[in-house]
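I opened my notebook to follow a few helices, and I wanted to write down what I looked up in the order in which I looked.

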There are 2 protein chains.
Amino acid sequence: MTLPSKVRQVVLAARPAGKVAASDFRLETVDAPALGEGEIMTRTLWLSVDPYMRLSLGEGGQALGSLMNGGTVSEVVASSNPAFKVGDIVEGRTGWRDYAVSNGQGMTRVDPSLGPITTALGVLGMPGLTAHTGMVPVGKVKAEDTVVVSSAGGAVGSIAGQIGKAVGARVVGIAGGAKKCAEVEALGFDACVDYQAADFAAKLKAACPNGVDLYFDNVGAAVSQVVFQQLNLEARVSVCGFIGWSDLSDAAPGPNQLPALYKTIVMKRLRITGFTGANKAADAMQQLAGWVKDGKIAHPERVYEGLDQAPQAFADMLGGRAGTGKVVIRVGPA
Amino acid sequence: MTLPSKVRQVVLAARPAGKVAASDFRLETVDAPALGEGEIMTRTLWLSVDPYMRLSLGEGGQALGSLMNGGTVSEVVASSNPAFKVGDIVEGRTGWRDYAVSNGQGMTRVDPSLGPITTALGVLGMPGLTAHTGMVPVGKVKAEDTVVVSSAGGAVGSIAGQIGKAVGARVVGIAGGAKKCAEVEALGFDACVDYQAADFAAKLKAACPNGVDLYFDNVGAAVSQVVFQQLNLEARVSVCGFIGWSDLSDAAPGPNQLPALYKTIVMKRLRITGFTGANKAADAMQQLAGWVKDGKIAHPERVYEGLDQAPQAFADMLGGRAGTGKVVIRVGPA
């Protein structure tokens, strides 16, 4: 193909004031970089938006005007790197743009025979492996457990809960709104409780008659404070997110809830483990792929069309308005 | 011996307003109970005061006017229970009184050949086993670790730190005041940092040039917030106490530090484990007794004389004024 002379990209235009809005970003067109020795040019096919990307938007984070970071599935359109050939489908972190030039570091080839290539951004990518990490090696989920998953409609939570079901546990999701809760239950969760409902705490308690043994926490904040009240003695908490607090500055004013948490950790003999990133061990991927193949893990997607929709998709995903499952943006023609 | 007709006991006279004071308790004399079928009468020889006893003094805790709870080493002075004979030395929780009648449940015989019988309240009792639990099965201490121990002068912390040294780790204590820090260092800690000093955070950092791998936390509160800043990636935190917050009501006003803690848990991939009580497994006791016998664990005691001094001993211990090591009260003539 003819290589492009221009690249379209989305940059950070303003630091979000609280909630992220599409207007915090700007689409711009820049000259395409030249392909250097040992480099590849990729055309972005699919772009992923994920909650962690919120973290770098505050003060001290990425510069205003800089390219938005993010995971992609791309096609190699030019290569002077012997490790890649034109036509390869690769997963990497090339950001919110339609073409990128890189030395190929951190790129991994996607095997299209495993399923739709978007699964490399979802159930067979970072979100799925994050869910697996928190449930299996960290959370040690077992059939006798009652598991609660916050952000159960999200790309990570929806997989985490289904992993719990795959091993035979009782799994209760937490999500925002009756519609999303119904979608989560349709994935096989035993129940899904709406945190926006006035009787959230009572409903959660009713959904967990034997208490909670494992809490997979994507959210933190007020939702987690309610869940902590239902934790059993020696319960485990796998924490991979705190997006519920991301719109707050550190040590935001309010009652200091740290003493209460600390007392709960001791009195309930909790084991709280934080983790970031995902266990990329081959056996984790194999187990996940097996569950997907056996139909035990569904992986719904919400597709936004076009790079210019990335800001809206990101804001919708963070605001819980993008539906259940993985949010991806179709950038290329594939 | 002639059994007593009266028993002296210490009761809770007032709920502590913030710090515990000796005046929150009252010594009184009551009629001695009769010895029923299957029961034993014990004469209290030694009484233990421990931080956890603070927890039951607040609203909703033990009733005003009720006997103070607490661990004791006693001598059986009368028995109609075939499991115990007169002259047995037993450890139990008979409370702040000079004689007690019980059915013997929860009492264990003390072997005086293992060492002074007060060790059943200290290094070879609940505090020592608590230290062992937090360091060995929970904290998984190893020679490569830098360990920080809060309340390092206390009955639990002083043992915890010496367990760290026994396995070859670098151990840094935290205690209040230069005198106590010197006493802690005399126990073999590599360093002890004074949390009352203005440059506490800088001193702690300097004492841990490779960061902190394991934090044995007896305290919570502001001390822990400073330690958390020095934790390494994937550090472990063993939490068995939050006495630093015990004088506060839950959710005391102040900046809400929970978001910052939660973010730290995730970003540093911490493993925080709460525990109460102690692992009474025989192998734990054996390991501890071996270290004591080999001189690897010293166990200083501060002795208060007489049951009437129990309130002062308790207040001093909580206020950090009782010196380094285990605080015991000599009640009986032994």
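Entry one. I kept in mind that this is a predicted model, and I began with helix H2 of chain B, which runs over residues 155-166. I checked its length: at 1.5 Å a residue its 12 residues should span 16 Å, and I found the end C-alpha atoms 17 Å apart, which agrees.

Entry two. Is H2(B) mostly covered or mostly open? I found it mostly covered, with 10 of its 12 residues buried; among them are B:Ala155, B:Val156, B:Ile159 and B:Ile163. Looking for what these buried residues pack against, I noted helix H1 (126-138) and helix H7 (282-293) of chain B, together with strands E8 (146-149), E9 (170-175), E11 (212-217) and E15 (326-330) of that chain. Just after H2(B), I saw that B:Gly168 takes a positive phi of about 100°.

I turned to helix H4 (residues 200-207) and helix H5 (residues 221-228) of chain B, which pack with their axes 10 Å apart and at an angle of about 45°. H4(B) passes H5(B) in a right-handed crossing. On the H4(B) side I listed B:Phe200, B:Ala201 and B:Leu204 as making the contact, and on the H5(B) side B:Val223, B:Val226 and B:Val227. Sorted by class, this contact has six nonpolar residues, with no polar and no charged ones.

Key: Residues numbered from 1 in each chain as written. Chains lettered and ligands numbered in written order. Predicted model: local features only at pLDDT ≥ 70, side-chain atom pairs only at ≥ 80, totals over all residues. Heavy atoms only, no water. Axes fitted to C-alpha atoms, helices over the stretch in contact; angles between N-to-C directions. Helix = DSSP H or I, 4+ residues; strand = E, 2+ residues; numbered from the N terminus. Left-handed = near helix turned anticlockwise from the far one by under 90°. Contact = heavy atoms within 4.5 Å. Nonpolar A, V, L, I, M, F, W, Y, C, P; charged D, E, K, R; others polar. Expected span 1.5 Å × (residues − 1). Buried < 20%, exposed > 50% of the residue type's maximum accessible area, 1.4 Å probe, protein only.
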